[in-house]
Amino acid sequence: MSTAPQNPTARPTAEQVEAAWKDPKLANVLYHDWEAQSYDDKWSISYDERCIDYAAGRFRLATGWDGRPYGHALELGSGTGFFLLNLMQAGVATTGSVTDLSPGMVAAALRNAEHLGLPVDGTVADAEILPYDDDTFDLVVGHAVLHHIPDVEQAFREVLRVLKPGGRFVFAGEPTTVGDAYARTLSRLTWKAATTVTKLPPLQGWRRPQAELDESSRVAALESVVDIHTFDPADLEAMATRAGAQQVRAVTEELTAAMLGWPVRTFEAAVPPGKLGWNWAMFAYHSWQRLSALDAVLSRVVPRAWFYNALITGTAGQWG
Ligand SMILES: C[S@@+](CC[C@H](N)C(=O)[O-])C[C@H]1O[C@@H](n2cnc3c(N)ncnc32)[C@H](O)[C@@H]1O
């Protein structure tokens, strides 16, 4: 299936933003269409070894993947394709389909896939109503998408419907309730500090134009509408199980790594695009790796609900 996204828009009007306050799905389309153009820069997303390792690492952590490729994989809430395209490059799946509620995101993901020469099609789709037949996919993945979906259990039911018997789903990058609280606090403080300090004359080269900062704040305020859920890992497992999944398992990661990662990402968004460069991206990634190793040790004694990132996997019936 290949449906070219129609008319992705870049900048929501004040009226659209107003209407989106009452409609989380409209908010998601506006917010993510707006973000689609700059999303890869904002989140330091790339399609090279760094992000391939990251995506494959999350997949392995969730599933204990043995390196055998899956056939056809579907991604929900693909954004620009970060998770599935990098998983495909790691050899996790041979063909892919990207879907997202935001036409701008689907267009960006298809452009990225074409650029990488990957066999991927895509369509605009709501994760609660997937436009695919039963038993279509070997694998369904998603990254940082479940917390945007109003009815997560309905999305799990759809995932299980479109999976072939024995097929697997993997969702990663979901905020835990405890992790979200400290991440948001640290991000708020970082934004305030970065946008205040860069008013000083010697640092003004690090300041984005005020109109851009104001627009960021206005549309980013929609974040409180699009970020619908945070999860306790045990509740997430219960939800997938109620939807009919088998062999369900949630794991968490990132405690100190998240306490570094969120301020870093917020700082990157507060300064002019491209200002920090490749060395900064590598510094941030290597620091994240070191703290993640520390967190792996801490996970032996710290409750899983305290870590920021939740990952969940399960199957449609028994695997194999
Ligand atoms: C935080 S972004 C993550 C994008 C990408 N997966 C990544 O990790 O870079 C969440 C994505 O989910 C999409 N989304 C939100 N609600 C959705 C829904 N109900 N169905 C499908 N996609 C949805 C948004 O449009 C957005 O592109």
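Why does D135 count as exposed? D135 has 12 C-beta neighbours inside 10 Å, and exposed is the label for a residue with 12 or fewer other C-beta atoms within 10 Å of its own, while 20 or more makes a residue buried and anything in between is partly exposed, with the C-beta atoms placed from the backbone. What you're looking at is a predicted model, where local features need pLDDT of at least 70, side-chain atom pairs count only at pLDDT 80 or more, and totals for chains, interfaces and linings use all residues. Residues are numbered from 1 along each chain as its sequence is written.

Let's start with the overall picture. The chain has 13 helices and seven strands, which here are DSSP runs numbered from the N terminus (helices are H or I with at least four residues, strands are E with at least two). For 320 residues, a compact globule would have a radius of gyration near 20 Å, and the chain agrees with that at 19 Å. That radius is taken over C-alpha atoms, and the globule rule is 2.2 Å times the number of residues to the power 0.38. Along the principal axes, the C-alpha atoms fill a box of roughly 65 × 50 × 40 Å. As for burial, 40% of the 320 residues count as buried. Take the contacts with a separation of 6 or more, and 79% of them are between residues 24 or more positions apart; a contact here is two C-beta atoms, placed from the backbone, within 7 Å.

Now for the strands. Five of the seven residues in β1 (residues 70-76) are buried, so this strand is mostly covered. β1 runs parallel to β2 (residues 93-100), and five bridges join the two; strands pair if DSSP finds at least two bridges between them. L74 has S97 in β2 as its bridge partner. Together with α5, these two strands make a right-handed β-α-β unit, where right-handed says that, with the strands pointing away from the viewer, the path from the first strand over the helix to the second runs clockwise. β1 also pairs with β4 (residues 137-143), again in the parallel sense, over four bridges, and there A73 stands opposite L139.

Moving on to β2, six of its eight residues are buried. Five bridges join β2 to β3 (residues 120-124), and these strands run parallel, with T123 in β3 as the bridge partner of T99. The chain gets from β2 to β3 through α6 (residues 103-116), and this β-α-β crossover is right-handed.

Next, the ligand. There are 21 residues around the ligand, and H32, G77, G79, A127 and H148 come nearest; a residue is near if its C-beta atom, placed from the backbone, lies within 6 Å. α2 (24-36) and α5 (82-89) are the elements that give two or more residues to this shell. By type, the shell divides into nine nonpolar, nine polar and three charged residues. Nonpolar covers Ala, Val, Leu, Ile, Met, Phe, Trp, Tyr, Cys and Pro, charged covers Asp, Glu, Lys and Arg, and the others, Gly among them, are polar.

Most residues other than glycine have a negative phi. D135 is not a glycine, yet has a positive phi of about 55°, and sits in the loop between β3 and β4. Q247 is not a glycine either and has a positive phi of about 50°. Q247 is in β6 (residues 246-253) and is partly exposed, with 15 other C-beta atoms within 10 Å.
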